[in-house]
Amino acid sequence: MPLPLYLLALAVFAMGTSEFMLAGLLPDIASDLHVTVGTAGTLTSAFAVGMIGGAPLVAALARTWPRRSSLLGFVLVFAAAHAVGALTTGFPVLFATRVVAALANAGFLAVALTAAATLVGPDRKGRALAVLLSGTTVATIAGVPGGSVLGTVLGWRATFWAVAALCLPAALGILKAVPKGRDEDEATGRPALRAELAQLARPRLLLVMLLGALVNAATFASLTFLAPVVTDTAGLGELWISVALVLFGAGSFVGVTVAGRLSDRRPGPVIAVGGPLLLLGWPALAMLADEPVALFILVFVQGALSFALGGTLITRVLYEADRAPTMAGSYATAALNVGAAVGPAVAAAALGTRAGTLGPLWAGGLLVAVALLIAFPLLTAITAGRSAEVPR
(Lines give C-alpha, C1' and ligand atoms only; values in the text may rest on other atoms or scores of the structure.)
Protein backbone atom coordinates (compact mmCIF):
# COMPACT_ATOMS: atom_id res chain seq x y z
CA MET A 1 0.00 0.00 0.00
CA PRO A 2 1.38 3.48 -0.88
CA LEU A 3 2.61 5.83 1.86
CA PRO A 4 0.02 8.59 1.23
CA LEU A 5 -2.69 6.07 2.08
CA TYR A 6 -1.27 5.58 5.58
CA LEU A 7 -0.96 9.33 6.09
CA LEU A 8 -4.62 9.70 5.19
CA ALA A 9 -5.31 6.99 7.78
CA LEU A 10 -3.53 9.15 10.38
CA ALA A 11 -6.02 11.94 9.74
CA VAL A 12 -8.86 9.42 9.90
CA PHE A 13 -7.47 8.36 13.28
CA ALA A 14 -7.88 11.91 14.63
CA MET A 15 -11.35 12.21 13.17
CA GLY A 16 -12.36 8.74 14.31
CA THR A 17 -11.26 9.59 17.84
CA SER A 18 -13.60 12.58 17.76
CA GLU A 19 -16.52 10.66 16.27
CA PHE A 20 -16.38 7.82 18.79
CA MET A 21 -15.03 9.60 21.88
CA LEU A 22 -18.44 10.84 23.03
CA ALA A 23 -19.31 7.28 24.03
CA GLY A 24 -17.09 7.75 27.08
CA LEU A 25 -17.73 11.46 27.67
CA LEU A 26 -21.52 11.83 27.56
CA PRO A 27 -22.14 11.71 31.34
CA ASP A 28 -19.42 14.32 32.00
CA ILE A 29 -20.66 16.62 29.22
CA ALA A 30 -24.26 16.29 30.38
CA SER A 31 -23.33 17.18 33.95
CA ASP A 32 -21.08 20.10 33.01
CA LEU A 33 -23.51 21.69 30.54
CA HIS A 34 -26.65 20.90 32.58
CA VAL A 35 -28.45 18.67 30.07
CA THR A 36 -29.65 15.08 30.21
CA VAL A 37 -27.52 12.19 28.95
CA GLY A 38 -30.07 11.63 26.19
CA THR A 39 -29.75 15.26 25.10
CA ALA A 40 -25.96 15.01 25.20
CA GLY A 41 -26.29 11.94 22.99
CA THR A 42 -27.70 14.15 20.23
CA LEU A 43 -24.16 15.44 19.75
CA THR A 44 -23.42 12.12 18.05
CA SER A 45 -26.46 12.52 15.82
CA ALA A 46 -25.51 16.13 15.05
CA PHE A 47 -22.08 14.98 13.90
CA ALA A 48 -23.63 12.29 11.75
CA VAL A 49 -26.27 14.59 10.21
CA GLY A 50 -23.56 17.07 9.30
CA MET A 51 -21.65 14.30 7.56
CA ILE A 52 -24.72 13.02 5.70
CA GLY A 53 -25.45 16.37 4.12
CA GLY A 54 -21.84 17.46 4.00
CA ALA A 55 -20.41 14.46 2.20
CA PRO A 56 -22.13 14.90 -1.19
CA LEU A 57 -22.29 18.69 -0.95
CA VAL A 58 -18.65 19.25 -0.06
CA ALA A 59 -17.50 16.51 -2.45
CA ALA A 60 -19.36 18.24 -5.28
CA LEU A 61 -17.80 21.59 -4.40
CA ALA A 62 -14.30 20.13 -4.04
CA ARG A 63 -14.33 17.80 -7.05
CA THR A 64 -12.26 20.26 -9.14
CA TRP A 65 -9.92 21.32 -6.33
CA PRO A 66 -6.41 19.88 -5.94
CA ARG A 67 -6.67 16.98 -3.52
CA ARG A 68 -3.86 18.15 -1.25
CA SER A 69 -5.42 21.59 -0.74
CA SER A 70 -8.83 20.06 -0.07
CA LEU A 71 -7.57 17.49 2.42
CA LEU A 72 -5.38 20.01 4.25
CA GLY A 73 -8.17 22.57 4.51
CA PHE A 74 -10.64 20.04 5.87
CA VAL A 75 -8.20 18.87 8.56
CA LEU A 76 -7.49 22.44 9.73
CA VAL A 77 -11.19 23.35 9.93
CA PHE A 78 -11.78 20.14 11.90
CA ALA A 79 -9.06 21.13 14.39
CA ALA A 80 -10.48 24.64 14.78
CA ALA A 81 -13.97 23.31 15.50
CA HIS A 82 -12.62 21.22 18.36
CA ALA A 83 -10.73 24.16 19.83
CA VAL A 84 -13.95 26.20 19.90
CA GLY A 85 -15.83 23.23 21.38
CA ALA A 86 -13.27 22.94 24.17
CA LEU A 87 -13.77 26.60 25.08
CA THR A 88 -17.56 26.85 25.04
CA THR A 89 -19.77 26.84 28.11
CA GLY A 90 -23.07 26.39 26.25
CA PHE A 91 -24.57 23.24 24.80
CA PRO A 92 -25.92 24.96 21.64
CA VAL A 93 -22.43 26.18 20.72
CA LEU A 94 -20.96 22.73 21.33
CA PHE A 95 -23.73 21.28 19.16
CA ALA A 96 -22.85 23.74 16.38
CA THR A 97 -19.15 22.87 16.54
CA ARG A 98 -20.02 19.22 16.07
CA VAL A 99 -21.90 20.07 12.88
CA VAL A 100 -18.96 22.14 11.56
CA ALA A 101 -16.51 19.38 12.46
CA ALA A 102 -18.78 16.90 10.72
CA LEU A 103 -18.82 18.95 7.53
CA ALA A 104 -15.02 19.03 7.55
CA ASN A 105 -14.84 15.32 8.32
CA ALA A 106 -17.34 14.58 5.56
CA GLY A 107 -15.37 16.53 3.01
CA PHE A 108 -12.13 14.88 4.05
CA LEU A 109 -13.52 11.34 3.92
CA ALA A 110 -15.28 11.90 0.62
CA VAL A 111 -12.04 13.08 -1.00
CA ALA A 112 -9.87 10.56 0.86
CA LEU A 113 -12.03 7.54 -0.05
CA THR A 114 -11.99 8.55 -3.69
CA ALA A 115 -8.25 9.21 -3.57
CA ALA A 116 -7.59 5.87 -1.85
CA ALA A 117 -9.39 3.98 -4.61
CA THR A 118 -7.19 5.66 -7.23
CA LEU A 119 -3.96 4.89 -5.35
CA VAL A 120 -4.41 1.12 -5.77
CA GLY A 121 -5.46 -1.29 -8.49
CA PRO A 122 -9.12 -1.52 -9.52
CA ASP A 123 -9.52 -4.87 -7.73
CA ARG A 124 -8.02 -3.71 -4.40
CA LYS A 125 -10.56 -1.14 -3.24
CA GLY A 126 -11.40 -3.27 -0.22
CA ARG A 127 -7.76 -3.33 0.88
CA ALA A 128 -7.46 0.44 0.44
CA LEU A 129 -10.68 0.98 2.40
CA ALA A 130 -9.36 -1.31 5.16
CA VAL A 131 -6.22 0.84 5.51
CA LEU A 132 -8.32 3.99 5.80
CA LEU A 133 -10.75 2.41 8.24
CA SER A 134 -7.81 1.15 10.28
CA GLY A 135 -7.43 4.78 11.33
CA THR A 136 -10.91 4.56 12.82
CA THR A 137 -10.32 1.21 14.48
CA VAL A 138 -7.01 2.31 15.99
CA ALA A 139 -8.91 5.34 17.26
CA THR A 140 -11.32 3.04 19.07
CA ILE A 141 -8.39 1.03 20.48
CA ALA A 142 -6.15 3.89 21.57
CA GLY A 143 -7.63 7.31 20.83
CA VAL A 144 -11.12 6.88 22.24
CA PRO A 145 -10.16 5.03 25.44
CA GLY A 146 -7.25 7.43 25.92
CA GLY A 147 -9.68 10.30 25.49
CA SER A 148 -12.04 8.69 27.97
CA VAL A 149 -9.26 8.40 30.56
CA LEU A 150 -8.14 11.95 29.83
CA GLY A 151 -11.72 13.13 30.21
CA THR A 152 -12.12 11.27 33.51
CA VAL A 153 -8.91 12.75 34.92
CA LEU A 154 -8.88 16.26 33.42
CA GLY A 155 -12.43 16.75 32.15
CA TRP A 156 -14.04 16.33 28.73
CA ARG A 157 -12.58 19.61 27.44
CA ALA A 158 -9.07 18.18 27.62
CA THR A 159 -10.14 15.44 25.21
CA PHE A 160 -11.36 18.03 22.69
CA TRP A 161 -8.00 19.84 22.93
CA ALA A 162 -6.20 16.53 22.38
CA VAL A 163 -8.16 15.86 19.18
CA ALA A 164 -7.30 19.33 17.88
CA ALA A 165 -3.63 18.62 18.58
CA LEU A 166 -3.82 15.25 16.79
CA CYS A 167 -4.83 17.04 13.60
CA LEU A 168 -1.52 18.91 13.35
CA PRO A 169 0.79 15.98 12.50
CA ALA A 170 -1.90 14.66 10.14
CA ALA A 171 -1.95 18.03 8.36
CA LEU A 172 1.84 18.02 8.12
CA GLY A 173 1.80 14.51 6.67
CA ILE A 174 -0.73 15.53 4.01
CA LEU A 175 1.32 18.60 3.17
CA LYS A 176 4.47 16.56 2.69
CA ALA A 177 3.18 13.38 1.02
CA VAL A 178 0.12 14.17 -1.07
CA PRO A 179 1.03 15.54 -4.54
CA LYS A 180 0.45 19.26 -4.99
CA GLY A 181 -0.81 19.25 -8.57
CA ARG A 182 -4.27 18.59 -9.87
CA ASP A 183 -5.48 15.05 -10.33
CA GLU A 184 -4.58 13.00 -13.38
CA ASP A 185 -8.22 12.30 -14.15
CA GLU A 186 -8.75 16.01 -14.73
CA ALA A 187 -6.46 15.81 -17.75
CA THR A 188 -8.07 12.67 -19.17
CA GLY A 189 -11.59 13.92 -18.50
CA ARG A 190 -13.90 13.06 -15.63
CA PRO A 191 -17.65 12.49 -15.87
CA ALA A 192 -19.93 15.48 -15.48
CA LEU A 193 -21.39 15.98 -12.00
CA ARG A 194 -24.87 15.25 -13.34
CA ALA A 195 -23.68 11.90 -14.68
CA GLU A 196 -22.10 11.00 -11.34
CA LEU A 197 -25.23 11.96 -9.42
CA ALA A 198 -27.30 9.88 -11.86
CA GLN A 199 -25.58 6.78 -10.49
CA LEU A 200 -27.75 7.20 -7.38
CA ALA A 201 -30.66 5.97 -9.49
CA ARG A 202 -29.05 2.52 -9.74
CA PRO A 203 -31.05 0.13 -7.48
CA ARG A 204 -28.07 -1.97 -6.43
CA LEU A 205 -26.07 1.08 -5.33
CA LEU A 206 -29.01 2.29 -3.24
CA LEU A 207 -29.41 -1.20 -1.79
CA VAL A 208 -25.84 -1.53 -0.54
CA MET A 209 -25.94 2.04 0.80
CA LEU A 210 -29.10 1.18 2.76
CA LEU A 211 -27.60 -2.02 4.17
CA GLY A 212 -24.38 -0.26 5.15
CA ALA A 213 -26.42 2.44 6.88
CA LEU A 214 -28.49 -0.10 8.85
CA VAL A 215 -25.45 -2.03 10.08
CA ASN A 216 -23.69 1.18 11.08
CA ALA A 217 -26.85 2.35 12.82
CA ALA A 218 -26.76 -0.78 14.95
CA THR A 219 -23.10 -0.15 15.78
CA PHE A 220 -23.65 3.45 16.84
CA ALA A 221 -26.90 2.69 18.66
CA SER A 222 -25.04 0.32 20.97
CA LEU A 223 -21.65 2.02 21.20
CA THR A 224 -22.93 5.54 21.91
CA PHE A 225 -24.63 4.40 25.12
CA LEU A 226 -22.15 1.72 26.14
CA ALA A 227 -20.89 3.76 29.12
CA PRO A 228 -24.14 3.45 31.15
CA VAL A 229 -24.17 -0.31 30.46
CA VAL A 230 -20.69 -0.65 31.95
CA THR A 231 -21.31 1.54 34.99
CA ASP A 232 -24.99 0.91 35.74
CA THR A 233 -25.82 -2.59 34.51
CA ALA A 234 -22.43 -4.22 35.13
CA GLY A 235 -21.82 -2.06 38.22
CA LEU A 236 -18.21 -1.20 37.29
CA GLY A 237 -16.27 2.02 37.83
CA GLU A 238 -15.87 4.72 35.19
CA LEU A 239 -12.36 3.64 34.21
CA TRP A 240 -13.80 0.31 33.03
CA ILE A 241 -15.55 2.25 30.27
CA SER A 242 -12.12 2.68 28.69
CA VAL A 243 -11.49 -1.07 28.93
CA ALA A 244 -14.74 -1.78 27.12
CA LEU A 245 -13.87 0.75 24.41
CA VAL A 246 -10.40 -0.73 23.96
CA LEU A 247 -11.91 -4.18 23.50
CA PHE A 248 -14.47 -2.90 21.03
CA GLY A 249 -11.70 -1.13 19.13
CA ALA A 250 -9.47 -4.20 19.12
CA GLY A 251 -12.34 -6.26 17.77
CA SER A 252 -13.11 -3.66 15.11
CA PHE A 253 -9.46 -3.70 13.98
CA VAL A 254 -9.62 -7.48 13.58
CA GLY A 255 -12.93 -7.22 11.74
CA VAL A 256 -11.88 -4.51 9.30
CA THR A 257 -8.60 -6.32 8.60
CA VAL A 258 -10.38 -9.55 7.77
CA ALA A 259 -12.97 -7.71 5.69
CA GLY A 260 -10.21 -5.90 3.81
CA ARG A 261 -8.84 -9.24 2.64
CA LEU A 262 -12.21 -10.79 1.78
CA SER A 263 -14.50 -7.98 0.65
CA ASP A 264 -12.89 -7.57 -2.78
CA ARG A 265 -13.27 -11.20 -3.86
CA ARG A 266 -15.53 -13.00 -1.35
CA PRO A 267 -18.07 -10.56 0.10
CA GLY A 268 -20.83 -13.19 0.09
CA PRO A 269 -19.44 -15.36 2.91
CA VAL A 270 -18.73 -12.28 5.07
CA ILE A 271 -22.36 -11.20 4.81
CA ALA A 272 -23.86 -14.69 5.02
CA VAL A 273 -21.86 -15.70 8.12
CA GLY A 274 -21.13 -12.39 9.81
CA GLY A 275 -24.68 -11.05 9.54
CA PRO A 276 -26.47 -13.73 11.59
CA LEU A 277 -23.67 -13.77 14.18
CA LEU A 278 -23.92 -10.00 14.57
CA LEU A 279 -27.70 -10.33 14.93
CA LEU A 280 -27.33 -12.83 17.77
CA GLY A 281 -24.61 -10.83 19.47
CA TRP A 282 -26.54 -7.68 20.43
CA PRO A 283 -29.36 -9.47 22.30
CA ALA A 284 -26.77 -11.76 23.92
CA LEU A 285 -24.88 -8.71 25.12
CA ALA A 286 -28.08 -7.23 26.54
CA MET A 287 -28.91 -10.42 28.45
CA LEU A 288 -25.37 -10.93 29.80
CA ALA A 289 -24.41 -7.30 30.45
CA ASP A 290 -24.53 -7.79 34.23
CA GLU A 291 -21.69 -10.34 33.96
CA PRO A 292 -18.47 -8.33 33.39
CA VAL A 293 -16.49 -11.16 31.76
CA ALA A 294 -19.27 -11.97 29.30
CA LEU A 295 -19.81 -8.26 28.70
CA PHE A 296 -16.18 -7.66 27.71
CA ILE A 297 -15.94 -10.79 25.53
CA LEU A 298 -19.09 -9.86 23.63
CA VAL A 299 -17.99 -6.24 23.22
CA PHE A 300 -14.84 -7.50 21.46
CA VAL A 301 -16.80 -9.93 19.28
CA GLN A 302 -19.41 -7.35 18.34
CA GLY A 303 -16.72 -4.85 17.41
CA ALA A 304 -15.17 -7.40 15.05
CA LEU A 305 -18.46 -8.44 13.47
CA SER A 306 -19.78 -4.88 13.13
CA PHE A 307 -16.74 -3.65 11.24
CA ALA A 308 -16.30 -6.79 9.16
CA LEU A 309 -19.88 -6.63 7.93
CA GLY A 310 -20.07 -2.83 7.72
CA GLY A 311 -16.69 -2.55 5.98
CA THR A 312 -17.69 -5.14 3.40
CA LEU A 313 -20.94 -3.35 2.60
CA ILE A 314 -19.21 0.02 2.26
CA THR A 315 -16.66 -1.57 -0.08
CA ARG A 316 -19.60 -2.70 -2.20
CA VAL A 317 -20.73 0.94 -2.34
CA LEU A 318 -17.35 1.92 -3.85
CA TYR A 319 -17.60 -0.84 -6.43
CA GLU A 320 -21.18 -0.01 -7.36
CA ALA A 321 -20.30 3.70 -7.69
CA ASP A 322 -17.23 3.17 -9.87
CA ARG A 323 -18.80 5.30 -12.61
CA ALA A 324 -18.85 8.23 -10.19
CA PRO A 325 -15.09 8.58 -9.57
CA THR A 326 -15.19 11.91 -7.70
CA MET A 327 -18.44 11.28 -5.80
CA ALA A 328 -18.16 7.60 -4.83
CA GLY A 329 -16.43 8.43 -1.56
CA SER A 330 -19.23 10.81 -0.62
CA TYR A 331 -21.84 8.11 -1.25
CA ALA A 332 -19.96 5.72 1.04
CA THR A 333 -19.55 8.44 3.67
CA ALA A 334 -23.23 9.36 3.51
CA ALA A 335 -24.26 5.72 3.93
CA LEU A 336 -22.04 5.33 6.98
CA ASN A 337 -23.38 8.45 8.59
CA VAL A 338 -27.05 7.94 7.89
CA GLY A 339 -26.51 4.99 10.18
CA ALA A 340 -24.51 7.04 12.65
CA ALA A 341 -27.37 9.56 12.84
CA VAL A 342 -30.26 7.11 13.00
CA GLY A 343 -28.61 4.70 15.43
CA PRO A 344 -28.15 7.03 18.43
CA ALA A 345 -31.61 8.54 17.86
CA VAL A 346 -33.22 5.09 17.96
CA ALA A 347 -31.08 4.17 20.96
CA ALA A 348 -32.02 7.36 22.84
CA ALA A 349 -35.68 6.48 22.34
CA ALA A 350 -34.98 2.94 23.57
CA LEU A 351 -33.53 4.35 26.79
CA GLY A 352 -37.05 5.45 27.72
CA THR A 353 -38.48 1.96 27.44
CA ARG A 354 -38.67 -0.72 30.13
CA ALA A 355 -35.28 -2.01 28.92
CA GLY A 356 -33.60 1.15 30.26
CA THR A 357 -29.85 1.27 29.71
CA LEU A 358 -30.05 -2.03 27.82
CA GLY A 359 -32.51 -0.57 25.32
CA PRO A 360 -29.78 0.54 22.87
CA LEU A 361 -28.43 -3.02 22.69
CA TRP A 362 -31.84 -4.41 21.82
CA ALA A 363 -32.25 -1.60 19.29
CA GLY A 364 -28.95 -2.62 17.70
CA GLY A 365 -30.22 -6.16 17.27
CA LEU A 366 -33.43 -4.90 15.70
CA LEU A 367 -31.55 -2.77 13.16
CA VAL A 368 -29.35 -5.70 12.13
CA ALA A 369 -32.46 -7.88 11.79
CA VAL A 370 -33.99 -5.37 9.38
CA ALA A 371 -30.77 -5.31 7.35
CA LEU A 372 -30.67 -9.10 7.07
CA LEU A 373 -34.35 -9.36 6.11
CA ILE A 374 -33.56 -7.05 3.19
CA ALA A 375 -30.16 -8.51 2.32
CA PHE A 376 -30.63 -12.26 2.30
CA PRO A 377 -33.22 -12.51 -0.50
CA LEU A 378 -30.94 -10.28 -2.64
CA LEU A 379 -27.55 -11.64 -1.58
CA THR A 380 -26.53 -12.72 -5.08
CA ALA A 381 -27.29 -9.29 -6.50
CA ILE A 382 -25.44 -7.54 -3.68
CA THR A 383 -22.23 -9.49 -4.19
CA ALA A 384 -22.31 -9.83 -7.98
CA GLY A 385 -20.48 -7.73 -10.52
CA ARG A 386 -21.98 -4.78 -12.37
CA SER A 387 -23.79 -7.01 -14.83
CA ALA A 388 -26.33 -8.20 -12.27
CA GLU A 389 -29.27 -6.10 -11.30
CA VAL A 390 -31.36 -6.01 -8.18
CA PRO A 391 -34.54 -7.99 -8.75
CA ARG A 392 -37.54 -5.77 -9.17
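Me: How many helices and strands are there in the protein?
Reply: There are 16 helices and 0 strands, taken as DSSP runs numbered from the N terminus (helices are H or I, at least four residues; strands are E, at least two). This is a predicted model, where local features need pLDDT of at least 70, side-chain atom pairs count only at pLDDT 80 or more, and totals for chains, interfaces and linings use all residues. Residues are numbered from 1 along each chain as its sequence is written, and side-chain values use heavy atoms, with hydrogens and water left out.

Me: What share of the residues count as buried?
Reply: 59% of the 392 residues. Buried is under 20% relative accessible area, exposed is over 50%, and partly exposed is in between (1.4 Å probe, protein chains only).

Me: OK, Leu 61: buried or exposed?
Reply: Exposed, because its relative accessibility is 53%. Leu 61 sits in helix H2, residues 37-62.

Me: Which residues make the contact?
Reply: On H2 they include Gly 41, Ala 48, Ile 52 and Pro 56, and on H14 they include Ser 330, Asn 337, Ala 341 and Pro 344. Contact means heavy atoms within 4.5 Å.

Me: What about the classes in the contact of H2 with H14?
Reply: 13 nonpolar, 6 polar and no charged residues. Ala, Val, Leu, Ile, Met, Phe, Trp, Tyr, Cys and Pro count as nonpolar, Asp, Glu, Lys and Arg as charged, and the others, Gly among them, as polar.

Me: Switching to H12 and H13: what's the angle there?
Reply: About 145 degrees, with axes 9 Å apart, for H12 (residues 267-288) and H13 (residues 292-320). Their contact divides into 17 nonpolar, 6 polar and 1 charged.

Me: Last one, what span should H11 have?
Reply: The 24 residues of H11 (residues 239-262) should span 34 Å, and the end C-alpha atoms are 35 Å apart, so the two agree. The expected span is 1.5 Å times one less than the number of residues. Buried residues of H11 include Phe 248, Gly 251 and Val 256.

Methods:
Axes are lines fitted to C-alpha atoms, for helices over the stretch in contact, and angles run from 0 to 180 degrees between N-to-C directions.
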